[in-house]
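Below are some notes for a colleague who has the model open.

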Amino acid sequence: MFMVDLIQWWYFRGWGTFASGFKHKLQDLLDFFSIGQLFQTLFMPYRQISATTSAEMTGSHISAFLDRLVSRIVGFFTRIFIIIFGGISILIEALVGTAFVVVWPLLPFLIVIGIVLAVMGVTF
Amino acid sequence: MNLVYHYNSTRARSARLGRLLGKKPILYLCLLLAIALFAFWIILLIQKMPLGWLCFSGSIFCFMIYYWTIKELIPVPVHDSNDINSLLSNNVLANLPKNPKPKDLANMVQYTNSGRFFAIRYGISSKMLAELVSNLPDDISPIFQNAIKIYQGTQSEEIHGAIIAAAIITSHPMGENILRQMKLEVSDLLDGIIWFNYLNGLVKGLSRRPHSGGIARDLNFGYIPTLQRFGQNISVYGKGHIKTQLHLASHREIVSQMIQIFSNQGRQNVALIGPSGSGRSTIVHAFADQLLDADAKLPSNIRFRQIFKLDAASLISAAPEPGQIEALLMHIFNEAYTAKNIIIWLENAQLFFEDGTGSLDIANLIMPILEAGKLRIILTMDKQKYLKISAKNSTLTNSLNKIMVNPANAKETMKVMQDQVPNLEYQHKVSYTIWALKEAYRLSERYVHDLEMPGRAVSLLDAAGDYALPNGLVTDKSVQQAVEKTEGVKVQQATDQASRAQLLNMEELIHKRMVDQKDAVKTVSDALRRSAAGVRNEKRPIGTYLFLGPTGVGKTELAKAISEVYFNGENNIVRLDLNEFVNANDVSRLIADGAEDEMSLTAQVMKQPFSVVLLDEIEKAHPQVLTTLLQMLDEGILRDIKGREVSFRDTIVIATSNAGAEKIREQVNLGNPLVNYKEQLVNDLMKSGEFKPEFLNRFDEICLFKPLSPADCLQVLDLIIASVNKTLSTQKISITLDDDAKNLLVEKGYDPQLGARPMKRIVQKSVENLVAKFVLSGNTTPGMSIQITRSMLEEELNTK
């Protein structure tokens, strides 16, 4: 009964539960790297650091422009780096997760295969 | 609807297996084994040993068991069906035997979290439930049927222990009576289930990581060193953070309004105006949580904005010199503006718009910012303060988007208290019962005046945490104790033997210090007994009485006696001579603010809410003063000059007057009983215009005090001598007067016009002087009793 319950769950609710858990993990990762937001704000100053107010108040517009430009360049490179790194992480997670979802129904068979290989004395 | 429990259903089997495999050591062992076997497989494979494949199989098997246990066997998710086997929770299923009987069901409740929740908070234990049910297997179906109904009615996720407990009670023919004995109703049980479900949901939510914008949000967040130093970021997020819950529909509506205002073009500010305790800060916190919720549907221009709270006191302490504070604030506002994604919150905003200790006036600084709408600002303040600022600077208040925050009703307040209970329990290390919550609401309504609901009930609940019973439970008694200790009032019903005896013998105790006036004494004693037994109208003072009669007959003495016997001592008396309130403008003195006049009626009662209020010579007060007192007599409330409600609901109000004294004396001299004359006297007083009918009608009772006879004066003399002996007791000496001596004092001291007052004077002149000479001459020794004779007194009086 024990094995029947386990196998029954494995191929029905278990598979769905695992797929749903994988989906949530992927969503968490997408939220963490927030790539969409990073693209939308790609050219924004890094942490809004610029001398806008004080420089403009004193009339040195060129200085303010340059200051903002530097901040934007820093912001751009930081975001690009995170987009690339995040993209790779999400891709890996997606591939690994999908692989697991695919392999999931095969796991009980792997137990049998392992026993058969042991009996047959197979080695690499 | 299937109501037959199947011991061998898949869920029941899973639950029992989950109870075994779900134990932490077994679970960890399983995981460890999976990892170890996997490692062995690799090692053995490298060693070219075919046995490694068995390790591989074992590793996968252990992993499958582990995953099955944590995802299925421990939670045992419910199945969508009306079958009892699909709906019972894992704990219930795991503990039910084959062919369960109602008693098994009752015993099982204690093994569930919700069952323990009910046992602690509602006093409904497994033991109690077991006494209500039979041992017949067939009787279980009606309980299951009720359980499914309750499950559906409370929109629960599963049928857990608390639902079973409620189902057992509601299935019992005397269920409602049993609950009534416990001061509960069926609706309380249903609320309790919803309360448990809510807390359970919060705990489950803690394990999920909320989506809140991630790295992109942090990179866009401005560099704000000064704001971070002087402000407090209330926008917190991450795993373990419980989102602020809004239990009031009106509060949820306010948050929607705030979203609307800040996402539209226009004035980028919101002023939340409402009394303290009404939930202004909770609304701001809930708004902050919503802005950070990546899953919430919000306009992009306010998404992920963070709210910084500014505190006037810390800003003032950081910039004490004139001009510094303005410069600091400009710097902070500039930072917030350039950071782009910050909303400034000025809590207790009135402190930023008034001069004084702990406050600063930055109206001129903030006005251009508010009008330009470049920086988003939230202001929270008291309505009274808002009106004050509005009167001073209408331009400022006109530039604000005002939203009123109204106090919560009873149901909403209960929800808020239920929400706060886990925090309070964590702080005080106690458990709150449902009766504590109900009592906190009821008593806070009466005794907590500086806050509004729900804050006032929560504050009392918090205070009650310090008065938990030895078993760590906070009950209604704890709340009553908290009120008694903090407010100085008596709210607990007289339950101990001594208090009961005191109340039942109130007349006797009062007569220990005053003579006769039995009607008045009985009337007042009855009122106090009603109050102590909890059968009085709580929306009025304990009692309101008008004592009419000549001077020196015991009107004031009765007030003092009541104060001593019932109100914890003679000092708990608030006494006002109304002959000092003879002008219309004296009303302002009567209800003056305590800070300006601590002797005003409102200030004294605010300090001593549990006392006797004695209004002497009321007939001499200006009619305007009497009109002011009408609401106090009627509803037990008087507003002070600042509009604050002062409660007189724990006072006994006694007004005394000499009006009609001559007529009373005439009636007594004619031998007519005063009881029959009362109505006529009252009519005469109204006709003569001494009192208005609406004023006299406000009193519970008008008591007539008869003049004292020589025989009464003899009793008064005994009381005075007893008082002298009490004073002398510190020197261990006492005095006794023979009958002739007493008669002499009554002859000399009795005055039908002045009552007992001359008696006190004559005792002072004769007896006390005599004793003083004895003491000074050294003729007294401790333990001595001085016998005073008529001749001694005559001699003493003749020497005068």
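Between which strand and which helix of chain B does the loop that holds B:Glu617 lie?

1. B:Glu617 lies in the loop between β13 (612-616) and α32 (623-635) of chain B, where helices (H or I, at least four residues) and strands (E, at least two) are DSSP runs numbered from the N terminus. Its phi is near 50°, a positive value in a residue other than glycine. B:Glu617 is partly exposed, with 18 other C-beta atoms within 10 Å; a residue counts as buried if 20 or more other C-beta atoms lie within 10 Å of its own, as exposed if 12 or fewer do, and as partly exposed in between, with C-beta atoms placed from the backbone.

2. A word on the source. This is a predicted model, in which local features need pLDDT of at least 70 and side-chain atom pairs count only at pLDDT 80 or more, while totals for chains, interfaces and linings use all residues. Residues are numbered from 1 along each chain as its sequence is written, and chains are lettered from A and ligands numbered from 1 in the order in which they are written.

3. A positive phi also occurs in chain A, at A:Ser34, where the value is near 40° in a residue other than glycine. A:Ser34 is found in the loop between α1 and α2 of chain A, and this residue is buried, with 26 other C-beta atoms within 10 Å.

4. The contact between the chains takes 37 residues from chain A and 35 residues from chain B, two residues being in contact if their C-beta atoms, placed from the backbone, lie within 7 Å. On the side of chain A that touches chain B, the elements that give two or more residues are α1 (2-33), α2 (35-40), α3 (52-58), α4 (61-103) and α5 (107-120), and α1(A) gives the most, with 11 residues. By class, this side of chain A has 18 nonpolar, 13 polar and six charged residues, where Ala, Val, Leu, Ile, Met, Phe, Trp, Tyr, Cys and Pro count as nonpolar, Asp, Glu, Lys and Arg as charged, and the others, Gly among them, as polar.

5. In chain B, helix α9 (residues 140-153) and helix α10 (residues 161-171) pack at an angle of about 120°, with their axes 8 Å apart; axes are lines fitted to C-alpha atoms, for helices over the stretch in contact, and angles run from 0 to 180 degrees between N-to-C directions. That makes α9(B) oblique to α10(B), given that angles under 35 degrees count as roughly parallel, over 145 as roughly antiparallel, 65 to 115 as roughly perpendicular and the rest as oblique. The residues of this contact, among them B:Ile143 of α9(B) and B:Ile164 of α10(B), divide into 10 nonpolar, three polar and no charged.

6. Helix α23 (residues 434-447) and helix α24 (residues 455-464) of chain B pack at an angle of about 125°, with their axes 8 Å apart, and are therefore oblique to each other. Among the residues that meet are B:Leu437 in α23(B) and B:Leu460 in α24(B), and the contact divides into nine nonpolar, one polar and one charged. The loop between these helices holds B:Pro454, and the peptide bond from B:Met453 to B:Pro454 is cis, with omega near 5°.

7. Helix α16 of chain B is mostly covered, since 12 of its 12 residues are buried. These buried residues, including B:Arg280 and B:Asp289, pack against α15 (249-263), β2 (269-273), β3 (306-310), β4 (342-346) and β7 (376-381) of chain B.
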